[in-house]
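Please keep the sequence and the coordinates at hand while reading.

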Amino acid sequence: MTAARFIAPMKAVIDDLPEGDGWATELKWDGMRIQAHVLDGALTLFSGSGRDVTSHEPELAALAAGIGVDVELDGELVVFDGERPSFARLQHRIHTGNPRPTLLQEHPAVFIVFDLLELDGTSLIDLPYHQRRRLLIDLTEDGPSWRVPPHNELGGDQLLALARERDLEGVVAKRLDCPY
């Protein structure tokens with residue numbers, strides 16, 4: 001990578017849960033889309049529209065050292081209320097550059113990482129999802145303000161039932177063989 005660059009994010013569309021093999025499902029997080037770019041040990045964060053929001057999320061600064069290589073990650077910034085994501089709590093953070101320590105403590109943000117777009121200068125967006133996901137899992141250990149959530153390749157009915165039971169936003173289905 002020569003410079004942090006924004007990649008237009010792949011967007012979810014509302015539809016019925018697909019049936020059959022060849023799909024992975026993940027929980028849908030009620031947060032703000034974020035791309036994290038680590039280049040030469042420096043972190044740059046972009047919102048889903050491409051705006052630089054690095055100063056808004058100082059707790060993610062340790063992500064660069066936690067990853068240890070140049071990457072572009074796609075995910076969702078979430079503020080939890082107990083075990084549930086809370087968009088209402090996240091709204092306190094969305095437009096706040098250089099947040100006060102009390103705001104960081106009252107509304108701590110977590111970066112939920114669900115895709116790997118580039119690794120050590122090599123674009124991965126043409127690789128199938130299952131390969132990008134495997135690389136992401138192998139590369140990333142959960143940290144104090146980031147995590148890679150589990151995904152399911154054995155059908156999404158149980159995960160959808162869990163999302164409904166816990167009043168979560170829903171699930172996202174991704175074709176295992178699809179590029180980004």
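A residue is called exposed here when its relative accessible area is over 50%, and buried when that area is under 20%. By this criterion Asp126, with a relative accessible area of 69%, is exposed. The model discussed below is a predicted one.

## Overall architecture

The protein has five helices and nine strands, and along the sequence these elements follow the pattern β-β-β-α-β-β-α-α-β-β-α-β-α-β. Among contacts in the protein with a separation of 6 or more, 71% are made by residues 24 or more positions apart.

The C-alpha trace spans about 45 × 35 × 25 Å along the principal axes of the protein. For 180 residues, a compact globule would have a radius of gyration near 16 Å, and the 16 Å of the protein agrees with that expectation.

## Surface and charge

Of the 180 residues, 45% count as buried. The accessible surface of the protein comes to about 9,500 Å², and carbon and sulfur atoms account for 50% of that surface.

The side chains include 17 positive and 30 negative ones, and the centres of these two sets lie 4 Å apart.

## Helix 2 and its surroundings

Helix 2 covers residues 87-94, and its buried residues are Leu90, Arg93 and Ile94. Seen down the axis of helix 2, these buried residues fall within an arc of 100°, so they line one face of the helix.

Leu90, which lies in helix 2, counts as buried at 0% relative accessibility. When residues up to four places away in sequence are not counted, Leu90 touches Gly31, Met32, Leu77 and Val79. Leu90 and Val78 are twelve residues apart in sequence, and their C-alpha atoms are 6.5 Å apart in space.

## His56, a buried loop residue

His56 is placed in the loop between strand 3 and helix 1 (63-67), yet it counts as buried, at 9% relative accessibility. Leaving aside residues up to four places away in sequence, His56 touches Arg51, Arg93, Ile94, His95, Thr96, Gly97, Asn98 and Pro99. Two of these contacts, Arg93 and Ile94, are also among the buried residues of helix 2.

In helix 5, which runs over residues 157-165, the buried residues are Leu159, Leu160 and Ala163. Viewed down the axis of helix 5, they fall within an arc of 100°, so they line one face of the helix. These buried residues pack against strand 1 (23-27) and strand 9 (171-175).

The face of helix 5 turned away from the buried side carries the exposed residues Asp157, Gln158, Arg164 and Glu165. Helix 5 is followed by Asp167, whose phi is positive, near 55°.

## Loop aspartates

Asp40 has a positive phi of about 50° although it is not a glycine, and it lies in the loop between strand 2 and strand 3 (42-47). With a relative accessible area of 69%, Asp40 is exposed. Asp120 also has a positive phi, near 50°, and is found in the loop between strand 6 and strand 7 (122-123). Its relative accessible area is 51%, and Asp120 is therefore exposed.

Key. Residues are numbered from 1 along each chain as its sequence is written. This is a predicted model: local features need pLDDT of at least 70, side-chain atom pairs count only at pLDDT 80 or more; totals for chains, interfaces and linings use all residues. Side-chain values use heavy atoms; hydrogens and water are left out. Buried means under 20% relative accessible area, exposed over 50%, partly exposed in between (1.4 Å probe, protein chains only). Helices (H or I, at least four residues) and strands (E, at least two) are DSSP runs, numbered from the N terminus. The arc is that of the directions from the helix axis to the C-beta atoms. Contact means heavy atoms within 4.5 Å. The radius of gyration is taken over C-alpha atoms; the globule rule is 2.2 Å times the number of residues to the power 0.38. Accessible areas come from the Shrake-Rupley method with a 1.4 Å probe; for residues, only the protein chains shown count as cover. Lys and Arg count as positive and Asp and Glu as negative; His and the chain ends are not counted. The place of a charge is taken as NZ of Lys, CZ of Arg, CG of Asp or CD of Glu.
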